[in-house]
Protein chains: 2
Amino acid sequence: MDEGRPRVEIEYCSQCRFVLRASWLAQELLFTFTEELGEVALIPGTGGIFEVRLNGERLWNKKEAGRFPEPKEVKQLIRDRIAPQKDLGHSDRKDG
Amino acid sequence: MDEGRPRVEIEYCSQCRFVLRASWLAQELLFTFTEELGEVALIPGTGGIFEVRLNGERLWNKKEAGRFPEPKEVKQLIRDRIAPQKDLGHSDRKDG
């Protein structure tokens with residue numbers, strides 16, 4: 001691992017069986033940010049949690065947002081922070 | 001994340017498209033060791049690598065072994081180190 005590259009954490013409620021969704025999101029991020037990310041860590045949690053963090057910064061929390069994120073939303077949040085020039089393709093809509 | 005729980009790393013060659021296999025293995029480990037593992041990290045690598053580590057200890061390296069591991073092989077290696085009493089079910093054959 002390149003220690004200097006960003007780390008994404010996906011903490012999910014294992015009792016809720018969110019592991020499949022967490023794993024899907026991990027694959028989406030690793031396909032999109034193959035060169036940019038150091039790792040994506042899947043972290044079993046409890047209490048309905050589904051949270052995505054980038055280098056410790058909370059990018060998405062299911063309870064706060066009231067829903068799960070779409071992968072493209074997470075990709076945009078990550079892109080804006082680590083690879084602002086990166087084009088995410090046809091699903092990418094920029095605000096403003 | 002419980003900082004005291006073990007960390008598994010799966011480093012895979014992204015050029016070889018091993019990400020799907022790595023993600024599959026991550027899911028297998030997270031289903032089996034939900035209570036025992038702190039996290040499973042997917043780490044993009046190069047050069048054909050497929051390596052599984054537990055707290056930094058190399059458990060499996062594709063080039064050394066000459067093949068990919070079956071999930072149950074990795075589970076046995078992890079079980080022996082962090083949960084020796086754990087029964088891995090019908091696929092679990094103990095040596096000796």
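Colleague: Why is A:Phe18 called buried?

Modeller: A:Phe18 has a relative accessible area of 14%, and buried means under 20%, exposed over 50% and partly exposed in between, with a 1.4 Å probe and protein chains only; A:Phe18 is therefore buried. Bear in mind that this is a predicted model, in which local features need pLDDT of at least 70 and side-chain atom pairs count only at pLDDT 80 or more, while totals for chains, interfaces and linings use all residues. Residues are numbered from 1 along each chain as its sequence is written, chains are lettered from A and ligands numbered from 1 in the order in which they are written, and side-chain values use heavy atoms, with hydrogens and water left out.

Colleague: How do you know on which side of that cut-off A:Phe50 falls, buried or exposed?

Modeller: The relative accessibility of A:Phe50 is 2%, so this residue counts as buried.

Colleague: What makes the rings of A:Phe18 and A:Phe68 a pair, and of which kind?

Modeller: Rings of Phe, Tyr and Trp (its six-membered ring) pair if their centres lie within 6.5 Å, and planes under 30 degrees apart count as stacked, over 60 as edge-to-face and the rest as tilted. For A:Phe18 and A:Phe68 the centres are 5.0 Å apart and the planes stand at 85°, so the pair is edge-to-face. This pair links distant parts of the chain, 50 residues apart, with A:Phe18 in the loop between S1 and H1 of chain A and A:Phe68 in the loop between helix H2 (62-65) and helix H3 (71-82), where helices (H or I, at least four residues) and strands (E, at least two) are DSSP runs numbered from the N terminus.

Colleague: What lies over the face of A:Phe68?

Modeller: A:Arg21 does, at 3.6 Å from the ring centre, where the rule asks for NZ of Lys or CZ of Arg within 6 Å of that centre and within 35 degrees of the ring normal. In chain B, B:Arg21 lies over the face of B:Phe68, also at 3.6 Å.

Colleague: What makes B:Glu39 and A:Arg7 a salt bridge?

Modeller: Their side chains meet at 2.8 Å, N to O, and the term requires a side-chain nitrogen of Lys or Arg within 4 Å of a carboxyl oxygen of Asp or Glu. The rule finds two salt bridges across the interface of chain A and chain B.

Colleague: What is the area buried between chain A and chain B?

Modeller: About 1,800 Å², of which carbon and sulfur atoms give 61%; buried area is the accessible area (1.4 Å probe) that two parts lose on being put together, summed over both. A:Leu30, A:Leu42 and A:Pro44 supply 25% of what chain A buries against chain B, more than any other three residues.

Colleague: Why is B:Arg17 called exposed?

Modeller: Its relative accessible area is 64%, so B:Arg17 passes the cut-off for exposed. B:Arg17 also has a positive phi of about 65° although it is not a glycine.
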